Amino acid sequence: MKPRKVNMDLRLAAVPERGRLRLHFSGIVQGVGFRPFLYRAAEKFKLKGFVKNTSAGVTLEIEGNRLPGFVNYITRNAPPLSLIETLRLEAVPERNSRKFLILESETNGRNNVMVSPDIALCANCQKEMADPSDRRHGYPFTNCTDCGPRLTIITGLPYDRPLTTMKGFTMCPDCAREYRLPLDRRYHAQPISCPQCGPKLSLQIKGKASEGDSLDGAIKILKADKVLAVKGIGGYHLACRAASAAAMARLRRLKNRERKPFALMATMAMIKKNCRVSQAEKNMLLSPAAPIVLLETLPGNRLVSRVAPGQNRIGFMLPYSPLHKLLIEIMGEPLVMTSANLADEPLIFRDDSRMLPRLADAVLAHDRPIGTFCDDSVLQAFNKDTYFIRRSRGFVPLPIGLPFTSSRTVLALGGMLKTTFTLLQGDRALVSPHIGDTGTTSALAAEKEAINHFLDLFALRPEVVVIDPHPAYPNRLLAADFPGAEIVEVQHHRAHIASLLAERSEKGKVLGIALDGSGYGDDGTIWGGEFFSGDLRGLERAGHLLPVFLPGGDAAAREPWRMALSLLRAIPGAGPKAERLAKKFGRKGEQVLECIVERRGGVMTTSCGRLFDGVAALLGLGDLNQFEGELPMRLQAEAEKAQPQKQSYPYAIEQKGAMPVLNMLLALEALLDDKKSRAEKAYRFHLTLANGLLDMAIHCSGVSGIQTVALSGGVFQNLLLLKLSRELLQKNGFQVLHHTLVPANDGGIALGQAALAATKYCKEF
Ligand SMILES: [Zn+2]
Ligand SMILES: [Zn+2]
C-alpha cells in the first residue's frame with residue numbers, strides 16, 4: 001500500500017562481514033524518526049560509529065561485525081514514515097570507535113530533503129491518549145516522529161520548528177526534554193506539544209466564542225443534529241450525525257447538495273456494520289495515509305440512501321487526527337466528514353473564512369494554523385491495488401518516479417475539473433493536492449497560491465508551462481505568471497494516457513484507450529472516447545467512438561436527458577421514441593429536439609461519459625447530473641445488482657477514412673427492445689462496451705502490432721467496466737495497464753501533460 005520507491009545501489013553480497021561502512025540515505029529520512037531508529041539498530045547489532053543529518057539526507061557510519069545482517073535489517077525495518085529513495089554504501093578505514101553517537105546536523109548548503117505527507121495518528125499516540133495517567137491523556141493535538149501533520153504545517157525548508165506553523169508555540173520543559181532525547185519517540189518531532197504548551201481548541205457558535213469546554217460544546221451541537229465545522233489537518237470538514245435524517249437534511253441544505261455522496265468517518269467496527277471490507281481495503285483504511293475508501297454496502301444498509309442516494313458504495317475513513325478520534329469515540333457512531341466548501345468552491349482551510357459560519361451551526365477550531373490546504377484522498381481497491389479517485393492528503397508530496405530524465409523543469413496546470421498541477425524536475429514528478437473545479441475564481445486563485453507555495457518550498461522555477469488547448473479553460477491564464485517559460489499545449493486525452501504511462505514507468509508503445517466526459521479535441525469538437533497508439537514521446541489518434549450531436553454543449557453534461565434525446569434521434573427508426581421523450585420536457589424538450597435535427601446550438605462529440613449519461617437516462621435512472629458523473633455512477637450501481645450476463649448487444653466497427661470508429665447505436669437500439677430487467681440491461685451495456693473496446697484494440701493492433709493496452713480517463717473509475725474490459729483484453733493476449741498511483745479521472749492529467757511535454761527535453765528515452 002505504501003508507495004515506496006527504493007532505488008538502492010547496494011549488493012548485499014558486496015557488504016563485508018566486518019569492518020567499517022559509510023552509508024548515505026536520501027529521500028524522506030528527516031523528521032521521521034530515522035536517526036533514533038538507526039541508533040537502536042546499531043545497539044541491537046552492537047555496532048559503533050555515528051549518524052547525522054546532512055543537507056542531502058542522512059549519513060551513517062558503523063563499525064563491527066555482522067554488517068550484512070545490519071544493512072539487511074535497516075532496509076527492511078525503516079520507520080513507517082520514511083522513504084529511502086537512494087542508499088549508497090562504501091567501505092571506509094576502521095577507526096576503533098567506542099560508542100554509537102547521534103552527531104549534530106550538518107546544515108551547510110541547500111536542504112534538498114523530500115517533504116513527508118501528513119500521517120495519521122499512530123498506535124503509540126493512541127495508547128497514550130487513552131491512558132488516564134499519561135500527560136497527553138485525551139490531548140487533541142498529540143503527535144510523534146511516526147505521525148502527525150507534515151506538509152500542511154511546513155512553511156519552508158529545512159524542516160525545522162521555526163519553519164512550521166508551530167513556530168508560535170514555545171515548548172514546555174517536558175516537551176523540550178523529549179524533543180532533545182535521541183531515544184524518545186518525539187526526538188526532533190517538530191510539531192511536538194502537550195496540553196501545557198500546545199495549541200488549544202476553541203468553539204464558535206453563530207460567530208461568537210463559546211464559553212466552557214469546547215469539545216463538550218461541539219458534542220452538544222452534533223447531538224442536537226446540527227452541523228459542526230471541524231478544523232482538521234489540511235482544511236475544515238463539515239460534520240454531522242450520519243444516522244440522523246434531520247442532521248443530514250440540514251447539511252444538504254447548508255451545502256446546497258441534494259444528492260452528492262458524503263464521506264463518513266467511523267471506527268473499523270462501525271464500518272464493518274455497514275460495508276463489506278476486504279483485506280486489501282482494510283489495509284488501505286489502516287494505512288498511514290488514512291484515505292477515504294469507497295466500500296460496497298452490505299444488503300439492507302440504511303445509511304446509503306441518505307449518504308449517497310442511488311449509489312451502492314459509501315466512502316469511509318478512520319479518524320486520522322487525535323481530535324477526530326475524540327469526536328468519534330465520544331459520539332460512538334459514524335459522522336459525516338465532508339470537505340467544508342460550497343458546491344465547487346475550494347476547500348476552506350483559513351480560520352477567517354467568512355463562508356464557514358454560513359455553512360455550519362458552530363465551528364470547532366484551534367490556533368495551530370494550516371500552512372497549505374490538502375483535501376482527503378479517496379480511493380477504491382481494484383485487484384488489491386490502490387485505485388485513486390483523488391490523490392491528496394497522505395500521498396502528496398510523495399514524488400512519482402519517471403522512466404526518463406528531463407533537462408527542463410516543467411509545470412503542468414491540469415484541466416478544469418478535479419484539477420491538480422504537476423511539477424516535474426529531472427526524473428521525478430510532484431503532483432499537487434486536489435484543487436477542484438478551476439471554473440470558479442476562488443478555485444483558480446487557490447491553484448495559483450498552491451503553485452507558488454510549492455515552487456517556493458522546493459525552490460523550483462518552471463522553464464516549460466503546459467496548458468490544455470481548450471480555449472475556455474480559465475487556468476490557461478496562469479501561464480502568464482511565468483514570463484520567459486515556454487508554453488506547450490497537450491491534448492486532454494493524450495494527457496490521460498501519458499499519466500498512466502508515466503506512473504507505470506512504461507517506455508514501450510501502447511494502445512491507449514481514454515474514455516471520459518469531455519476534452520477539447522484536435523479538430524475543435526469535444527472528444528471523450530479516444531484510441532491512441534504511441535508512447536510518452538507522442539500519441540497518435542488511432543480511432544474513436546462514433547460522433548454524436550451534443551445538444552447545448554456543457555448543458556448536456558448537467559442534463560443527461562438531452563443526450564438521451566440525441567442518441568434516440570441518431571438511431572434509425574427511433575424517431576417516435578425521441579418525440580415522446582421530448583414531450584416529457586415540454587417546450588424545452590421540443591426546442592432541444594429541433595436543435596438536434598438542425599444540428600445547431602451544440603457540437604459533435606465522441607464522449608463516452610455522455611454515452612453513459614444518455615443510457616442511464618434512457619433506462620429511467622434520472623434526468624439530471626447533480627454532480628459530475630452522477631447518472632453514470634447510478635448506471636454502474638444498477639448493473640452491479642444483476643447476475644453477470646454472457647450476451648452482448650450488437651455493435652459495429654466502421655471505417656471512417658483511415659480511422660476505425662466504434663458505433664454503439666446498434667447496442668442502444670437492442671437495449672430499448674430488450675425485455676430483461678433494468679439491472680440486466682445495464683450490465684449488458686457495460687459488457688457490450690467492453691467487447692467493443694476489445695474489437696477496437698484487435699483492429700488497431702492489427703495495424704500497429706502493439707500488444708499493450710493502457711486504460712485511462714474518468715469513465716474507468718467504473719470498476720465494473722474496468723474489470724470486464726481488462727478480462728476480455730487479457731483473455732485475448734493483450735497486456736493491460738491500469739492506474740495505481742494517480743486517478744484515471746482529470747486529477748491525473750497534469751502528470752500526463754508534464755510527462756508528454758518533458759520527453760522533448762530528455763536525451764535518452
Ligand atoms: Zn504518534
Ligand atoms: Zn509541552
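The model is predicted: local features need pLDDT of at least 70, side-chain atom pairs count only at pLDDT 80 or more, and totals for chains, interfaces and linings use all residues. Residues are numbered from 1 along each chain as its sequence is written, chains are lettered from A and ligands numbered from 1 in the order in which they are written, and side-chain values use heavy atoms, with hydrogens and water left out.

**Zinc sites**

Donors here are N, O and S atoms within 2.8 Å of the metal (3.2 Å for Na, K and Ca); water is not among the atoms, so sites may look incomplete. Four donors count as tetrahedral if all angles lie between 85 and 135 degrees. The ideal angle for four tetrahedral donors is 109.5 degrees.

The zinc ion (ligand 1) is held by the SG atoms of C122, C125, C144 and C147, at 2.3 Å. Its four donor atoms subtend angles of 104 to 116°, which makes the arrangement tetrahedral. The donor spacing in sequence is C-x2-C-x18-C-x2-C. C122 sits in the loop between strand 6 (100-102) and helix 3, and C144 in the loop between helix 3 and helix 4, so the pair ties together parts that are 22 residues apart in sequence. Helices (H or I, at least four residues) and strands (E, at least two) are DSSP runs, numbered from the N terminus.

**Helix packing**

Two packed helices are described by the angle between their axes and the distance between the axes. Axes are lines fitted to C-alpha atoms, for helices over the stretch in contact, and angles run from 0 to 180 degrees between N-to-C directions.

| Helix pair | Axis angle | Axis distance |
|---|---|---|
| Helix 5 (residues 214-223) and helix 10 (residues 322-331) | roughly 55° | within 11 Å |
| Helix 15 (residues 560-570) and helix 16 (residues 575-584) | roughly 160° | within 8 Å |
| Helix 18 (residues 608-618) and helix 21 (residues 678-704) | about 155° | 12 Å |

Angles under 35 degrees count as roughly parallel, over 145 as roughly antiparallel, 65 to 115 as roughly perpendicular and the rest as oblique. A crossing is left-handed if the near helix is turned anticlockwise from the far one by less than a right angle, and right-handed if clockwise. Contact means heavy atoms within 4.5 Å.

Helix 5 crosses helix 10 in a right-handed sense. From helix 5, L215, I219, L222 and K223 meet L323, L326, L327, I330 and M331 of helix 10. These contact residues comprise eight nonpolar, no polar and one charged. Ala, Val, Leu, Ile, Met, Phe, Trp, Tyr, Cys and Pro count as nonpolar, Asp, Glu, Lys and Arg as charged, and the others, Gly among them, as polar.

Helix 15 passes helix 16 with a left-handed crossing. W561, A564, L565, L568 and R569 of helix 15 meet K577, A578, L581 and A582 of helix 16. Seven of these residues are nonpolar, none polar and two charged.

Helix 18 and helix 21 are roughly antiparallel. Their crossing is right-handed. C608, L611, F612 and V615 of helix 18 meet F685, H686 and L689 of helix 21. That contact has six nonpolar residues, one polar and no charged.

**Backbone details**

V396 and P397 are joined by a cis peptide bond, with omega about 5°. P397 lies in the loop between strand 17 (385-390) and strand 18 (400-412). R66, a residue other than glycine, has a positive phi near 55°. R66 is in the loop between strand 4 (57-64) and helix 2 (67-76).

Terms used:
Tetrahedral: all angles 85-135°; square planar, octahedral: opposite > 155°, others 65-115°.
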